[in-house]
Every structure is written in structure tokens, then in C-alpha cells.
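Hi everyone, thanks for coming. Please have the sequence and the 3D view open while I talk.

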Amino acid sequence: MLVSAKEMLQKAKAGKYAVGQFNINNLEWTKAILATAQELNSPVILGVSEGAGKYMTGYKTVVGMVKGMLEEMNITVPVALHLDHGSYEGCLKCVEAGFSSIMFDGSHYPIEENIAKTTELVKICEEKGLSLEAEVGSIGGEEDGVVGAGEVADPKECKSIADLGVTMLAAGIGNIHGKYPANWKGLSFETLEEISKLTGDMPLVLHGGTGIPEDMIKKAISLGVAKINVNTECQLSFAQATREYIEAGKDQQGKGFDPRKLLAPGAEAIKQTVKEKMELFGSVNKA
């Protein structure tokens, strides 16, 4: 069954490791991530952007697919199904559809409006037993149509949002969605440390996990990051493996096109990516 991310992230914060959020886009991605989590005995968060939800025909379809897989694959590790960078309206739709966790991205609103909308969602999530992620300071780059300038969050604003009762907090500390440019200045650990001091036991979230050097990942975890999002790296590994398969001429097999064979190498590549990240984050055998 799907669970809230609250308990798994509280354990991660206390144990100085992080739970990986891996975004899903179809059946193959979901199956690969769940299989790897079960194999490594690691808790996992399945992220769904609003664009991916629409692509998969809607949030109810996503919930049905994931719940079916949990049962058919005999998944016993904790799994949260989480809306990634959701609008206020999108959050409400995911609550109705049966998600176990949501993220409200109010970072583009004035702080007063972000607080007001987050407050309403805190009430709803508490009633339903769902976990809620909030964001302060937009994340740089673009992910599925959501664009952020890469602001460094105001620690005092972070405390104002954390005090509302959210489960976890995503704070901009110079992280970027997608590939990091050559002139990237790195993460602002001074900001992260200040945010961590002001928010106490609140699990912090690091978006844009692709391309951040391992030593920065480990330092961020030591300063309170308990959830790290990975999407671009899965996209890249999936695309490369699929392209190599096609270029090798293996997609015809003399019998025409078989999508199951075409998508299998990409799914295996995602498994490897997820395994490497779970090991780096320290979540193996933490289920």
C-alpha cells in the first residue's frame, strides 16, 4: 500500500541519510524503480509532475497503475506517491485521486500568498494523513514546463513555512533542474546550514539531484537534507540505452517492431541509475 513520506523522511533525517525521489513517466519507469527499491530494501518516493500526470491520462490512472504494481510485484518497502512541483489546484486533484504525498510549489507567489495557500493544504493533508512538501526560493532551470530562476531562499521565510506544519521543505540553495552549466557556483551550504538551524527537525529536500558532485550530496545530507530528487539522470540513461539498442539494429528481430524489447534496455539503465543513487544517498537497507 502507498504510505505518507513523513515517517521515512523523519527516519532519514535522524539517521543522516536521504530517501530518493525518482520521477515516473510510464509503466516501464515505475516498474524499474519499484523493483530496484525492493531489491535494495530501500524506501522510495515516486514523483509525478503535472505534465507526466497528464501524459499518463490523469492522476487516477497513475494511482491505479502504482497500486496494482505494489500488489502484483509484492513490494514490501515503503513507497510514497508524490506530486512534484504541484499547483494549488493540482494538489487538490491528487488528494482526490489517492496520492499519498503532495508538493505545493508556491515559490513564485509573494511569501504571504505562499503561506496562505500552504496553510490550507496543511489542514487537508492532516485530515487525510498525507505528507506535504512546500518550497521557498525557486529551483533553477526548467522541469516539465516549470521554470525557476535559481534563487537562494531566505532562511526566515523558510522558518515561516516550516512552522505551518508541513512535512518537508524544499529550499533553493543554488540547485538547478536539468544539466548544470560549466560556470555553476555550487550549492550554498551557508544558506542550507542557516535554514537547518531555524527549521530544526524538519526534513529538507534537495531538488535537481542530477549532476551535483558526490561530496556536495553527502555534505547536504549531513546538514539536514533527507530527500533528494532525481529525474534528468533517469531520462538521460533511458534515452541513451534506447538509442544504442535501435542503432544496433536489434529492434526488428525479423518480425517487426516489439515495444517491450525496445523499452527493456532503457528500463535496465534506469535500474542502474536508481541503484547508484540509493547507494550514494545511504538509503539501502533502511526500509
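First, the ground rules. This is a predicted model, where local features need pLDDT of at least 70 and side-chain atom pairs count only at pLDDT 80 or more, while totals for chains, interfaces and linings use all residues. Residues are numbered from 1 along each chain as its sequence is written, and side-chain values use heavy atoms, with hydrogens and water left out.

Let's start with the second largest pocket, which has a volume of about 170 Å³. A pocket here is found on a 1 Å grid over the protein atoms alone, as an open set of points where a 1.4 Å probe fits, with protein on both sides within 12 Å along at least five of seven lines; lining residues have an atom within 4 Å of a point. The volume is the space filled by probe spheres set on the points, which are joined across faces, edges and corners.

Which helix gives the most to that lining? It is α11, with 6 residues. Both α2 (27–40) and α11 (259–281) supply at least two residues each. Helices are DSSP runs of H or I with at least four residues, strands are runs of E with at least two, and both are numbered from the N terminus. Among the lining residues you can find L27, K31, R260 and K271. The lining divides into 5 nonpolar, no polar and 5 charged residues.

Now for the rings. The structure holds 4 aromatic pairs. To pair, rings of Phe, Tyr and Trp (its six-membered ring) need centres within 6.5 Å; planes under 30 degrees apart are stacked, over 60 edge-to-face, and the rest tilted. W29 and F238 have ring centres 5.6 Å apart and planes at 50°, so this pair is tilted. It links distant parts of the chain, with W29 in helix α2 and F238 in helix α10 (residues 232–247), 209 residues apart. Are these two buried or exposed? W29 is buried at 5% relative accessibility, and F238 is buried at 13%. Buried means under 20% relative accessible area, exposed over 50%, and partly exposed in between, using a 1.4 Å probe and protein chains only.

Y88 and F104 make an edge-to-face pair, 6.3 Å centre to centre with 85° between the planes. Y88 is in helix α5 (residues 88–97) and F104 in strand β4 (residues 101–104), so the pair ties together parts 16 residues apart in sequence. F104 is buried, at 1% relative accessible area.

Next, look at H207, in the loop between β9 (204–206) and α9 (214–222). H207 is buried, at 1% relative accessibility. Its side chain makes polar contacts (N or O atoms within 3.5 Å, one able to donate a hydrogen and the other to accept it; residues adjacent in sequence count only if both atoms are side-chain atoms). The partners are the side chains of E133, at 2.8 Å, and N229, at 3.1 Å.

Last, two asparagines. N74 has a positive phi near 55° and lies in the loop between α4 (59–72) and β3 (79–86). N285, in the segment after α11, has a positive phi of about 60°.

Methods
Nonpolar A, V, L, I, M, F, W, Y, C, P; charged D, E, K, R; others polar.
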